[in-house]
Amino acid sequence: DEIYHNHILTYDRKIQYLNLFCFHLNNEQLCALNKNQLLTRFFVENEDILKKIPAPVVDKMKDIIPALNISFSKLDITDVPKALLDFIFDNCYYEINPDMISNIVAYKNALLGDTLNTQNYTVLLSLGYQPLLDYIHLNFKSYIEHIVLREHNTKESKQSVLEMLDRCINEPALCERIIEHIDFKLDSITEACKKHIEDNGESVQAVWDMLLNKNKVTVSWDSVYGYWKIFGLTEVLCDYIKRNADNLAKKDAACLTDEFKESVILSEIDIETFAKILSRLRMDVFTIELEKISIETLTVMVEKQNFDFTVADFDEMKECSPDLCAPYILLNQVDFADMFDQISLPATVFESLVLSDNLSIPVKEKVIERDGTELMTEKAANHLCSLDIVISREVFTTACELLNNTRRKKEFLFRHLNLLGLADFEKYLVMLEEPYKSLERRSYRHEEFIPDNAEKPGRKPRQRSVPEDLLGRLVLEKENGISASSGCLPMLIQ
């Protein structure tokens, strides 16, 4: 105490007394003098002390250091005997701090020292000095908190980060700090803590969730699938998919199984995200019951043609989502036409197909030909009036009876005159307005007029040659836009 606290004695003088004690006293006597830990403190507080110890005392330091429980916090190792440094470093008689770690790296391999401040653990792993690594691993939490998480130490290698996460698996808060602090990106989430999955799955999931939430994993379906395979389609995974949907839509999805795709299709993932990634979710064998799929999801799947057209799926769709039947057909017209004989159409679907401008004429004619007489609706019949398609006499009859507009009836009649004989006109002309209605009695003579001004502008009106039969007359009228109710060219028709 008298020497340590004596402010008159110089540092060098105190060193002389210390050397005398160390040389002449045994360990037991030194420990007695060290009852207040002043000898230990003197060694620790003076970083150049090992340089001032003479050779005879150096040989005894291997016994004195453990006896006095000395743990150096800072040392000037210049010109310190190698044997003494090896003893101190090999036996870990020092504190884990930046200064001592820097001393060891400089002593063992000075070339690694340049990056020590930005990737400390990476350098130590490269150094491969096992006594130091073992010492750090025994005090890993402290090492992480006081060394790794320092301000500039953000460039640790990916492999170093993975090892840190492995060793801190039961310290989720510490893992989160590591993930946030260090700049790194994993190629796949399955690289992290995979050896702990079987025995410590909950902790692994916590780490994986952090990696996804902090965007520390390269965007890929491999990571998404790897996470799902172990922990399922969790909220965290759905959020990750949502944030990266545009990117994932461009990524290779060869790793995805039908089981995974089904789980996404049946999930509650938001519809905007689902639409973006749907191109990567086409199943090899589509076996999902349509009634299990939400209407919003199924609508997008139909629009994007996510699954093939089959009779079984169409029949199921009629039951669970009838409004999607027509779009399902319109987007798969070739397959629909090939399977048409096996398909039964509801009246609402028939009407939608007739009204649709997207259904090809050959397929529309096929639909109308088979189902027109049984499923025709007023709306479909009215639309037929404007279609230039081939229909049967039976379909014509059915549609004509549903038309409640005389203008439409006339238009429809003129469009399909080829289906009618003279005997049909008594039936159909009576449905029209004058002057057509009065023509229905074929046993009477009728005087009608064709406008003499029906020529093109600038041309002299000329007398027309008008067919004598009523069918020919109506055809002429249709072709030339002439109405029998106007004009002045008379003609008698029997």
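# Reading a predicted structure

Q: What makes Cys-193 buried rather than exposed?
A: Cys-193 has a relative accessible area of 1%. Buried means under 20% relative accessible area, exposed over 50%, and partly exposed in between, with a 1.4 Å probe and protein chains only. The value for Cys-193 is 1%, so Cys-193 is buried.

Q: What kind of model is this, and which residues count for local features?
A: This is a predicted model, in which local features need pLDDT of at least 70, side-chain atom pairs count only at pLDDT 80 or more, and totals for chains, interfaces and linings use all residues. Residues are numbered from 1 along each chain as its sequence is written, and side-chain values use heavy atoms, with hydrogens and water left out.

Q: How many aromatic pairs are counted, and by what rule?
A: Rings of Phe, Tyr and Trp (its six-membered ring) pair if their centres lie within 6.5 Å; planes under 30 degrees apart count as stacked, over 60 as edge-to-face and the rest as tilted. By this rule the protein has 22 aromatic pairs.

Q: Why is the pair of Tyr-94 and Tyr-135 given its class?
A: The ring centres of Tyr-94 and Tyr-135 are 5.1 Å apart and the planes stand at 85 degrees, so the pair is edge-to-face. This pair links distant parts of the chain, 41 residues apart: Tyr-94 lies in the loop between α5 (82-90) and α6 (98-108), and Tyr-135 in helix α8 (residues 130-138). Helices are DSSP runs of H or I with at least four residues, strands are runs of E with at least two, and both are numbered from the N terminus. Tyr-94 and Tyr-135 are both buried.

Q: Why is the pair of Trp-228 and Phe-260 given its class?
A: With centres 5.3 Å apart and planes at 85 degrees, the rings of Trp-228 and Phe-260 form an edge-to-face pair. Helix α13 (residues 221-231) holds Trp-228 and helix α16 (residues 258-265) holds Phe-260, 32 residues apart. Trp-228 is buried, as is Phe-260.

Q: What makes Val-354 buried or exposed?
A: Val-354 has 1% relative accessibility and therefore counts as buried. Val-354 is placed in helix α22 (residues 347-355). Contact means heavy atoms within 4.5 Å. Beyond four places in sequence, Val-354 is in contact with residues including Lys-364, Ile-368 and His-383.

Q: What is the mean pLDDT of the protein, and what share of its residues reach 70 or more?
A: pLDDT is the predictor's confidence in each residue, from 0 to 100. The protein has a mean pLDDT of 87, and 84% of its residues reach 70 or more. Among its elements, α8 has the highest mean pLDDT (98), while strand β2 (residues 489-493) has the lowest (31).

Q: How many contacts does the model have for residues 449-464 beyond four places in sequence?
A: The model has 35 such contacts for residues 449-464, where pLDDT stays under 50. Where pLDDT is low, the predicted coordinates should not be read in detail.
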